[in-house]
Amino acid sequence: MPANQRLVREMLVVACMREHNADALQTDTTPYWETSAAFPQFAPVADDSETDVLIVGGGITGLTAARILAQAGKRVVLIERDRCASTDTGHTTAHVTMVTDTRLSELVKKFGRTHAQAVWDAGLAAIAHIDEVVRTHHIDAGFAWVEGYLHAPVGDQNASGDELQVDADLARDLGFDAEYVASTPFVGRPGVRFANQARLHPRKYLAGVAKAIVEAGGRIHECSEAQEFITEPRGVRVNGHTVTCDDIIIATHNPLVGLGGVASATLFQTKLALYTSYVVAGRVAAGTTPDALWWDTADPYRYLRVVPDGDADLVIFGGEDHKTGQQADTKACFRRLEGRLGMMLPDLEVTHRWSGQVIETPDGLPYIGQSADHQYSATGYAGNGMTFGTLAGIMTSDAILNRSNPWTELFDPGRKAVTRGLWDYVKENVDYPYYLIRDRFAGAEAQSVRAVKRGEGKIVERNGAKVAVYRAADGSASLRSATCTHMGCVVGWNVAEQTWDCPCHGSRFKPTGEVISGPAEAPLSEVD
């Protein structure tokens with residue numbers, strides 16, 4: 001690289017970092033994620049280049065899409081005007097759930113049962129994708145499958161559990177693992193327990209994704225703002241240089257016009273409502289708060305999650321949403337949250353405060369799809385940024401790779417699926433990867449089987465018989481008879497050794513039933 005180009009690149013990096021750090025100092029609302037994990041730095045665009053796919057935006061959507069496309073053999077360039085995983089994605093609480101802000105009953109009223117199921121399936125598929133990425137690339141991001149609780153507001157003793165009972169029944173009818181509980185853990189209010197939700201450290205996760213992109217041959221450039229979109233040849237002007245490409249993904253939270261017309265983009269903007277949400281966080285002794293997700297039925301709703309961290313847990317509590325720019329005393333939003341959290345956890349001392357922005361659409365579903373010829377955009381994730389952001393990365397990649405996707409019409413900005421009426425979308429998309437493993441998360445397996453956590457074994461009652469159930473790290477379950485093949489005693493799970501052990505004569509079996517040591521000679525019998 002010529003010396004003058006190297007000097008320009010170094011100046012761009014310094015200027016970008018100064019601006020990024022100055023913003024944090026002025027507001028003093030740096031998210032916990034940024035203070036607790038590093039993110040690799042990437043050089044700005046400093047020359048002209050050509051690529052297959054240009055991605056604008058280095059958050060959850062852009063990085064997810066870049067990894068998929070790079071691993072599929074596409075040449076990928078991702079540009080971010082600031083630092084990756086620092087703007088909208090960097091201000092998330094990483095409350096990873098399939099449960100949408102719009103209640104399931106409302107989705108059914110608006111779109112019908114199959115469409116409503118498709119929406120939640122899409123969220124669950126996104127969580128499964130994150131799980132797969134974490135395991136494939138060995139990313140230490142604190143990812144865990146946890147339970148989620150939708151509950152009546154704390155302090156509102158007049159709130160009835162009737163609607164929550166309806167929510168639980170409807171979710172279960174649509175094949176999701178949901179259960180009404182008269183008193184949810186920690187908050188003690190009526191609610192719905194949803195199995196197979198998740199939490200993670202978003203910055204650590206996306207740092208691992210970024211590493212995977214580079215290893216697959218993709219290029220990431222920070223401090224590289226899209227200054228101008230051009231059509232002949234298709235591309236973007238960045239830092240005074242031109243990156244030409246076959247396809248463009250706009251992954252900027254609030255989409256840029258890009259190659260689309262200004263008039264249509266202006267009309268599109270009128271469909272979006274931007275809200276600011278506030279977050280406070282502080283530490284408590286480990287185990288003080290169960291490791292789960294909570295969000296209530298208030299409007300605006302409040303939400304809470306836990307970040308396990310050795311001898312202490314960080315509790316993250318958010319809410320107080322309002323339309324962006326329409327609250328004069330924003331510090332009061334933090335104070336109200338601190339007061340509520342202090343009532344629930346008197347020993348907690350707030351250590352972090354930050355806010356983020358969410359974008360809502362009129363019908364509660366995101367817009368994900370083609371916004372111009374060879375250009376794809378996504379927005380309107382509401383409170384499901386991690387799941388819908390991941391889904392958008394999957395869907396835009398599928399479109400570019402000419403892969404079918406079950407949710408293309410459902411989330412298309414034109415809402416094509418809504419006009420179709422009755423739609424057996426599961427039957428139509430039975431070969432899509434998610435539906436080949438859906439039973440690991442919801443649907444056909446008995447609830448008692450799904451309650452077995454990954455890496456654990458448990459004896460459950462099934463059809464009147466005792467079954468030894470083991471769930472592997474990938475979520476697949478092994479079901480074997482719990483009856484020892486030596487003389488018929490019931491085996492038990494050995495937590496330390498990860499084996500099934502017979503208490504009568506000492507036979508030992510692998511988690512999947514094969515004999516480790518006798519006197520038993522035959523493996524545990526398979527269960528239908």
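A polar contact here means a pair of N or O atoms within 3.5 Å, where one must be able to donate a hydrogen and the other to accept it. Keep in mind as you go that this is a predicted model.

**First stop: H352.** Select H352, which sits in strand 17 (residues 349–360), and show its side chain. A polar contact of 3.2 Å links that side chain to the side chain of T35. Is H352 buried or exposed? It counts as buried, because its relative accessible area is 16% and the cut-off is under 20%. To see what surrounds H352, leave out neighbours within four places in sequence and select its contacts: T30, P31, Y32, T35, V279, V280 and A281.

**Next: helix 5.** Select residues 113–136. Of the 24 residues, 19 are buried, so helix 5 is largely enclosed by the rest of the structure. Just past its end, click on H138, which has a positive phi of about 55 degrees.

**Then the cores.** The largest nonpolar core holds 93 residues, and I55, W120, F194, Y205, W407 and F411 have the most contacts inside it. Helix 5 is the biggest giver to this core, with 12 residues. Zoom in on F411: beyond its neighbours within four places in sequence, its contacts include V119, A122, L365 and F388. To finish, pick out V280, L304, F317 and F334, which belong to a second, separate core of 17 residues.

Conventions: Residues are numbered from 1 along each chain as its sequence is written. This is a predicted model: local features need pLDDT of at least 70, side-chain atom pairs count only at pLDDT 80 or more; totals for chains, interfaces and linings use all residues. Side-chain values use heavy atoms; hydrogens and water are left out. Helices (H or I, at least four residues) and strands (E, at least two) are DSSP runs, numbered from the N terminus. Buried means under 20% relative accessible area, exposed over 50%, partly exposed in between (1.4 Å probe, protein chains only). Contact means heavy atoms within 4.5 Å. The expected span of a helix is 1.5 Å times one less than its number of residues. A nonpolar core is a set of buried Ala, Val, Leu, Ile, Met, Phe, Trp, Tyr and Cys residues joined through side-chain atoms within 4.5 Å.
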